[in-house]
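I open this notebook to record what I looked up in one protein chain. The entries go from the whole chain to a single residue.

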Amino acid sequence: MESQRPDREIVHLLRAVTVELGLHSGRFAQRHGMHPTDVRALIALMDAARAGKELTAGRLGAALGLNSAGTTALIDRLERAGQVRRVRGMRDRRQVVIEVTGEAVALGQRFFGPLIERTAGLLQGYDAAERAAIRGFLTGVRDAAAAEEPS
């Protein structure tokens, strides 16, 4: 039976982790009067900042699968809530980029920080080679999920 294959067990466990993380993120959104897409946008913006990249409204919308009108509404909503601001790009001052405010980062840290710390703590039980294997597996899953599926 397919469900008894060890590789499928790991895939199903990963799916369960994804569901739990989605529920956790949903609780954050609900507690703070946000839409789940707002949380995804904040995560995308923080990930970009960590990678040293700037996101324009267009690139943020593309990352979230939103059209121009939906992206503008999202940014306006987050800006009114004090979660993001529009600023001039550092690399190209003609561009307007979206950045997360310090208040939004602090809010996210208070809610997600304990989970991040517990998760990072779990990794301490693995040696460097095992962590590299975990990183490789998760990167592969992310890339597989991001690949465009045939219609």
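**Entry 1: Burial and overall figures**

I began with burial: of the 151 residues in the protein chain, 24% are buried. I note at the outset that the model is predicted.

I then looked up the extent of the chain. Taken along the principal axes, the box filled by the C-alpha atoms is roughly 55 × 40 × 30 Å. I recorded an accessible surface of about 10600 Å², with 58% of it belonging to carbon and sulfur atoms.

For charge, I found 22 positive and 18 negative side chains in the protein chain. The centres of these two sets lie 5 Å apart.

I also looked up contacts between residues at least 6 apart in sequence, and 46% of these join residues at least 24 apart.

**Entry 2: Secondary structure**

I asked how many helices and strands the protein chain has. The assignment gives six helices and three strands. Read from the N terminus on, the order of elements is α-α-β-α-α-β-β-α-α.

**Entry 3: The sheet**

I next asked in what order the strands form the sheet. The sheet is open, its order is β1-β3-β2, and the pairing is antiparallel. I noted β1 (55-56) and β2 (84-88) as the edge strands, each of which pairs on one side only.

I then followed the pairing of β1 with β3, which spans residues 96-100. These two strands are joined in the antiparallel sense over two bridges. At one position I found Thr56 opposite Val97 in β3.

**Entry 4: The helix across the sheet**

I turned to helix α2, which comprises residues 36-50. Helix α2 lies across β1, β2 and β3. I recorded an angle of about 105 degrees between helix α2 and β3.

**Entry 5: Ala41**

Within helix α2 I selected Ala41. Is Ala41 buried or exposed? Its relative accessible area is 0%, and the cut-off for burial is under 20%, so Ala41 counts as buried.

I then asked which residues Ala41 is in contact with, leaving aside neighbours within four places in sequence. The contacts are Leu60, Leu64, Leu74 and Leu78.

Methods:
Residues are numbered from 1 along each chain as its sequence is written. This is a predicted model: local features need pLDDT of at least 70, side-chain atom pairs count only at pLDDT 80 or more; totals for chains, interfaces and linings use all residues. Side-chain values use heavy atoms; hydrogens and water are left out. Helices (H or I, at least four residues) and strands (E, at least two) are DSSP runs, numbered from the N terminus. Buried means under 20% relative accessible area, exposed over 50%, partly exposed in between (1.4 Å probe, protein chains only). Contact means heavy atoms within 4.5 Å. Accessible areas come from the Shrake-Rupley method with a 1.4 Å probe; for residues, only the protein chains shown count as cover. Lys and Arg count as positive and Asp and Glu as negative; His and the chain ends are not counted. The place of a charge is taken as NZ of Lys, CZ of Arg, CG of Asp or CD of Glu. Two strands pair if DSSP finds at least two bridges between them. Axes are lines fitted to C-alpha atoms, for helices over the stretch in contact, and angles run from 0 to 180 degrees between N-to-C directions.
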